Amino acid sequence: SEYRSINDYVEMKSGRIINLQFEIDLFIDKNYNPSDVIFNVSSKVRDYMDVNGHQMGDDIFVGDIEKEISKIDGVANLIDLRVYNIYSSGYSQDKTCQEIQSNIDCAEESENTSNESGRDMINLKASHKMLYSENDSMFEIKYPDKDIICRPMLR
């Protein structure tokens, strides 16, 4: 052990999973079936956020997701896209390192985004529509059927 090298070991560390929820408000063209458009929007977000398409530590540009949603037939306008960090029971307890939006106008939203509920709205405006990841973390939509919420408005 007198001649042992200082760096002859590898330290392994578990990655952190940051669970996300998307809320999407959009105008749907009246000539299209709203349920088909919603299905296509949900599928596009699910496919874009698929963990097999990203590496640990990859940042996500939400503007790309918005652009892809706007290209879907039947989407007249993407009104708003909100991203939440979910860490309640059934999800990973890991939280994002990003700024959380604290001044919500709607009382219902404010109630849903409090730390007690395990759901924090990520402030995309402060991060220029980027979801920043750390080297040991990865974003995931754990339950796409309930974590991608589309609110259609017919036009």
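**Labels and the values behind them**

Guide: Let us start with H128, which is placed in the loop between β4 and β5. Here a strand is a DSSP run of E with at least two residues, a helix is a run of H or I with at least four, and both are numbered from the N terminus. The model is a predicted one, in which local features need pLDDT of at least 70 and side-chain atom pairs count only at pLDDT 80 or more, while totals for chains, interfaces and linings use all residues. Residues are numbered from 1 along each chain as its sequence is written, and side-chain values use heavy atoms, with hydrogens and water left out.

Visitor: Why is H128 called exposed?

Guide: The relative accessibility of H128 is 63%. Exposed means over 50% relative accessible area, buried means under 20%, and partly exposed is what lies in between, with a 1.4 Å probe and protein chains only. H128 is therefore exposed. K129 belongs to the loop between β4 and β5 too, but its 34% falls between the two limits, so K129 counts as partly exposed.

Visitor: What makes the phi of H128 worth a remark?

Guide: The phi of H128 is near 55°, a positive value in a residue that is not glycine. Most residues other than glycine have a negative phi. K129 also has a positive phi, of about 65°, and is not a glycine either.

Visitor: How do you know that N123 is buried?

Guide: N123 has a relative accessible area of 13%, which is under the limit for the word, so it is buried. N123 is also in the loop between β4 (119-121) and β5. Leaving out residues up to four places away in sequence, N123 touches E99, I100 and Q101, where contact means heavy atoms within 4.5 Å. The C-alpha atom of N123 is 8.2 Å from that of V83, although the two are 40 residues apart along the chain.

Visitor: What does the side chain of N123 reach at 3.1 Å, and what makes that a polar contact?

Guide: The side chain of N123 reaches the backbone nitrogen of A126. A polar contact is a pair of N or O atoms within 3.5 Å; within protein, one must be able to donate a hydrogen and the other to accept it, and residues adjacent in sequence count only if both atoms are side-chain atoms. The distance of 3.1 Å is within that limit, so the pair qualifies.

Visitor: Why is N19 called buried?

Guide: The relative accessibility of N19, a residue of strand β1, is 0%, so it counts as buried. A polar atom of its side chain lies 2.7 Å from the backbone nitrogen of S92. Beyond its neighbours within four places in sequence, N19 is in contact with several residues, including Y84, N85, E140 and K142.

Visitor: How do you know that the buried residues of α2 line one face of the helix?

Guide: In α2 (residues 62-70), V62, G63, I65, E66 and I69 are buried. Seen down the axis of α2, these residues fall within an arc of 160°, so they line one face; the arc is that of the directions from the helix axis to the C-beta atoms. They pack against β1 (16-28), α1 (34-48), β2 (60-61), β3 (75-86) and β5 (130-131).

Visitor: At what angle do the axes of α1 and α2 cross?

Guide: They cross at roughly 150° and come within 10 Å, where axes are lines fitted to C-alpha atoms, for helices over the stretch in contact, and angles run from 0 to 180 degrees between N-to-C directions. V41, K44, V45 and Y48 of α1 meet D64, I65, E68 and I69 of α2.

Visitor: How many disulfides does the structure hold?

Guide: There are 0; a disulfide would need a pair of cysteine sulfur atoms within 2.5 Å. C97, with 45% relative accessibility, is partly exposed, while C150, at 14%, is buried.

Visitor: What share of the protein's residues is buried?

Guide: Buried residues make up 39% of the 155 residues, in a protein with 4 helices and 7 strands.
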